[in-house]
Amino acid sequence: MKNIKMFMHLHKDFPFNFDSSWVKACYAGGTGPYEWHPPSDKGAFINVTLGGILKYRHYYSGISENEFLRAIGQQATDCYVSNLGYDMPDYVGVGSYRRYLFIVDAHNNPHEKVTMPANEESVKYLTSDEQLEAASKLLDSVDIIINRARTINVNIEEQYLQSQPKVYWDLFKQAIVKVNPSYEKHMSWFTTNNIISFEGVYIVRKDLFKKLVSEYFQIMEYIWSNSPNNYPTQQVTSEPLPWRYPGFLNERFVPFFIFANSLRKAEVPLVFLN
């Protein structure tokens, strides 16, 4: 059995299997007098805030620490895990509180996305040792397990710009090439491709995870250093919460990273707990 750990980012009280041998609950707790507390007292949570994410806090001057952590979202957990050093498992998985991978017998399930009840029974099944064993077997022959791609009716760039501010997208594309010039030959992926794994729940080798997260935060630093407003609150598109752009960009960078690095992947259904 491979050494796999999956870190799920929770920002609210939600069903979770705290007894899972391999899936762990994470949250981003503030450091001030009004710090965020764990979403519940039902089990052990990992507070990821002190794992490196605060070194980017200065890009968000003028807002509270809680607002900063809210804007960063799940990527605070990504940052924490990438800095685990010797404690990092051989394979790392990340996801959010209501999105999981359906790994057992995935080849018999043709769906891109399935819905399960948001209860302890569902979560116990999705975080069971049976799922761990299935993931371990898949990783014998692939670099990454990710939720299945979907086909959209426009290219990836067009789809993003239908709802998100253009300024962050333009800086995102500039930053990718500056951070890793070898990616320049792959940039047409965004404008010629309409197949993508959204929502970014995945399990990957630790060396690849560290590279992915490092490149992502270098990209974000370029954006934050050149953006006119790193915490936009005024709605200018159909997106009601424009400050969430770091997560939306990560959602596009992960599948691009897989493509640009020619990773071998296994796609499985995404589970949405409803």
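M6 stands opposite V23, a residue of strand β2. That's a handy place to start reading this predicted model. The two strands here are β1, covering residues 4-9, and β2, covering residues 23-27, and they run parallel to each other with 4 bridges between them.

Zoom out and the pair belongs to an open sheet of 7 strands with mixed pairing, laid out as β3-β2-β1-β4-β10-β7-β11.

Now for the aromatics. How many aromatic pairs does a search of the whole structure find? The count comes to 26. To describe such a pair, you quote the distance of the ring centres and the angle of the planes. Here are two of them:

| Ring pair | Centre distance | Plane angle | Geometry |
|---|---|---|---|
| W189 and F190 | 5.2 Å | 80° | edge-to-face |
| Y202 and F209 | 6.5 Å | 45° | tilted |

The labels follow from the angles: W189 and F190 have planes at 80°, so the pair is edge-to-face, given that the cut-off for that class is over 60 degrees. With planes at 45°, Y202 and F209 count as tilted. W189 and F190 are both buried, and Y202 and F209 are buried too.

W189 and F190 also turn up in an aromatic cluster, together with Y160, W169, F172, Y183, F253, F256, F257 and F259.

R70 has its charged end over the ring of W243, 4.2 Å from the centre. K113, in turn, lies over the face of F272, with 5.2 Å to the ring centre.

One more residue deserves a look: Q164, found in the loop that links α5 (156-161) to α6 (166-179). Is Q164 buried or exposed? Its relative accessibility is 5%, so Q164 counts as buried, the limit being under 20%. The side chain of Q164 has a polar contact of 3.2 Å with the side chain of S163. Another polar contact of 3.2 Å ties the Q164 side chain to that of E239.

Note on methods: Residues are numbered from 1 along each chain as its sequence is written. This is a predicted model: local features need pLDDT of at least 70, side-chain atom pairs count only at pLDDT 80 or more; totals for chains, interfaces and linings use all residues. Side-chain values use heavy atoms; hydrogens and water are left out. Rings of Phe, Tyr and Trp (its six-membered ring) pair if their centres lie within 6.5 Å; planes under 30 degrees apart count as stacked, over 60 as edge-to-face and the rest as tilted. Buried means under 20% relative accessible area, exposed over 50%, partly exposed in between (1.4 Å probe, protein chains only). A charge sits over a ring if NZ of Lys or CZ of Arg is within 6 Å of the ring centre and within 35 degrees of the ring normal. Two strands pair if DSSP finds at least two bridges between them. A polar contact is a pair of N or O atoms within 3.5 Å; within protein, one must be able to donate a hydrogen and the other to accept it, and residues adjacent in sequence count only if both atoms are side-chain atoms.
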